[in-house]
Amino acid sequence: MEVKHPQMIPVPITDFIGGTVVPVNLYVRLSDSKFVLVSNAGQKPNKDQFKTYENKTVEYRWVKREEYSKLIANNLSIAGVVVTASNLNVHQKTTILSQAAGSVFTELEHMGLSFDSYTHSKQIVEATVALSESHRDLSDLFASLKDCNDQVLQHSLAVSCISVMIAQVLKWENQQTVEKLALGALLHNIGLKSLPAELVSKPKAKMTFDEIQLYETHPFKGMQMLLGLGIVPDDVIAVAYEHHENAIGQGYPRKLRNLKIHPLAKVVALASDFCELTLPGPNNTNPRTPREAITTIEVTMGQPHNREAFRALQLIVNKEFAKTG
Ligand SMILES: [Fe+2]
C-alpha cells in the first residue's frame with residue numbers, strides 16, 4: 001500500500017484505458033513528498049508509457065486531489081454513464097447531495113471502519129456525487145428525493161460508500177464497474193420519490209399490509225424512472241430494481257435467488273441492510289454499532305445475503321482488510 005499524501009491521490013495504472021484522452025495531469029512519485037509531471041491533461045498516453053518511468057516500473061500515477069473528480073467523470077463517461085459532453089461540468093454544484101455527504105462521511109468516520117478502505121471509497125463517492133450533481137436529470141431526481149425525506153439521501157450516500165468498500169475487499173479491479181456500483185447505490189432508492197412522503201417516513205413495523213405492498217413497489221418504480229431517463233446504464237438500473245432481493249430468495253419484488261441477482265445489487269442489498277442498522281432513521285431509533293449490525297445480520301436475520309460480500313463486510317468492520325488486501 002502506498003504511503004498517503006494529503007494533496008495527491010494514487011491511481012493504479014491498470015485503471016487507465018490505452019488510447020483514450022486523460023483529462024488531468026499525471027505525476028510519478030519520486031519520494032514521499034516529491035512528484036514529477038509525466039503527462040499533461042488532454043494527452044493520450046499509451047499503455048507502455050504508463051508502465052515505466054525512466055526504465056523503472058511504476059504501478060501508480062498520481063493525480064492532484066482537486067482534479068480527481070475530473071478523472072472519475074471521464075471514466076464514467078467512457079463506461080456509458082454520461083452520454084453528452086455538456087453533462088461533464090463537474091465543477092457545477094447543486095450541493096444537495098454534497099451537503100448531505102458531509103454529515104454522512106462524519107458519521108461513517110465515527111464508526112471506526114478500516115481507514116484505507118474508507119478513504120478510498122469516500123473519494124470515489126465524492127466524485128460520483130459531483131458528477132451526478134452536474135447532470136441535470138440526475139440532480140433533479142436527487143432534489144425531489146430530498147423533498148421527500150432527508151434521511152433517504154443520507155442512507156443512499158452511506159450505502160454508496162459501504163458498497164465501494166465491499167467491492168475493494170472483493171478485489172473488483174475494473175474501476176468503471178466500481179463507479180457504476182457507487183452510482184447505483186446512490187440511486188437505489190430513487191423509486192421512493194414516487195411514494196407519499198408520510199409513508200416513506202413511517203417505520204415499517206407500523207405500516208399496514210396495504211402500505212407495505214405500496215412501499216415494496218419502490219424498486220420497480222425506481223427501475224422505470226431510471227429507464228425513462230435514457231442515460232443510465234443497465235447495471236445501474238439493475239441495482240435499483242434488485243436491491244431488496246436476497247440470496248435466499250426471500251426478498252422483493254421478484255424473490256430472486258443469489259445467482260439470478262445482479263452482482264452489483266448483491267453488494268448494495270447488503271450495504272443497505274448494514275446502513276439501516278447502523279444509521280439513525282425511521283426504522284432505527286436505536287442505531288447499532290457496526291459489530292452489532294454484523295451479528296444482527298448473521299444471527300437475527302439469518303444472513304440472507306451473498307456470502308462473499310458478507311465476509312468482505314466482516315473484514316471491514318473487524319479492520320482485517322489491510323491484512324488480507
Ligand atoms: Fe429500498
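Which residues in α11 meet L264, A265 and V268 in α12? I looked them up: D235, A238, V239 and E242. I count two residues as meeting, or in contact, if their C-beta atoms, placed from the backbone, lie within 7 Å. Helices here are DSSP runs (H or I, at least four residues), numbered from the N terminus.

**Ground rules.** I am working on a predicted model, in which local features need pLDDT of at least 70, side-chain atom pairs count only at pLDDT 80 or more, and totals for chains, interfaces and linings use all residues. I number residues from 1 along each chain as its sequence is written.

**Entry: α11 and α12.** I noted the spacing in that list. An α-helix has 3.6 residues a turn, so residues three or four places apart point the same way. Next I checked the axes, which are lines fitted to C-alpha atoms over the stretch in contact, with angles from 0 to 180 degrees between N-to-C directions. The axes of α11 and α12 come within 8 Å and cross at roughly 45°.

**Entry: cover on α11.** I asked how many of the nine residues of α11 (234-242) are buried. Eight are. Buried means 20 or more other C-beta atoms within 10 Å of a residue's own; exposed means 12 or fewer, and partly exposed is in between. Among the buried ones I found V236, I237 and Y241. The buried residues of α11 pack against α7 (175-187), α10 (218-229) and α12 (263-278).

Entry: I followed the chain into the loop between α11 and α12, where P253 is found. The peptide bond from Y252 to P253 is cis, with omega near 5°. K255 is in that loop too. Its phi is positive, near 50°, though K255 is not a glycine. K255 counts as exposed because it has 12 C-beta neighbours inside 10 Å.

**Entry: another positive phi.** Q303, also not a glycine, has a phi of about 40°. I placed Q303 in the loop between α13 (290-300) and α14 (307-317). Q303 is partly exposed, with 17 other C-beta atoms within 10 Å.

**Entry: the core.** I then turned to the largest nonpolar core, which has 79 residues. Such a core is a set of buried Ala, Val, Leu, Ile, Met, Phe, Trp, Tyr and Cys residues joined through C-beta atoms within 7 Å. Helix α6 (150-169) gives the largest share, twelve residues. Domain 1 (1-67) and domain 2 (79-324) both contribute, so the core lies between them; the bounds come from an automatic or database domain assignment. I166, A271 and L313 have the most contacts inside this core. Beyond four places in sequence, I166 touches partners including V267, L270 and A309.

Conventions: Helix = DSSP H or I, 4+ residues; strand = E, 2+ residues; numbered from the N terminus.
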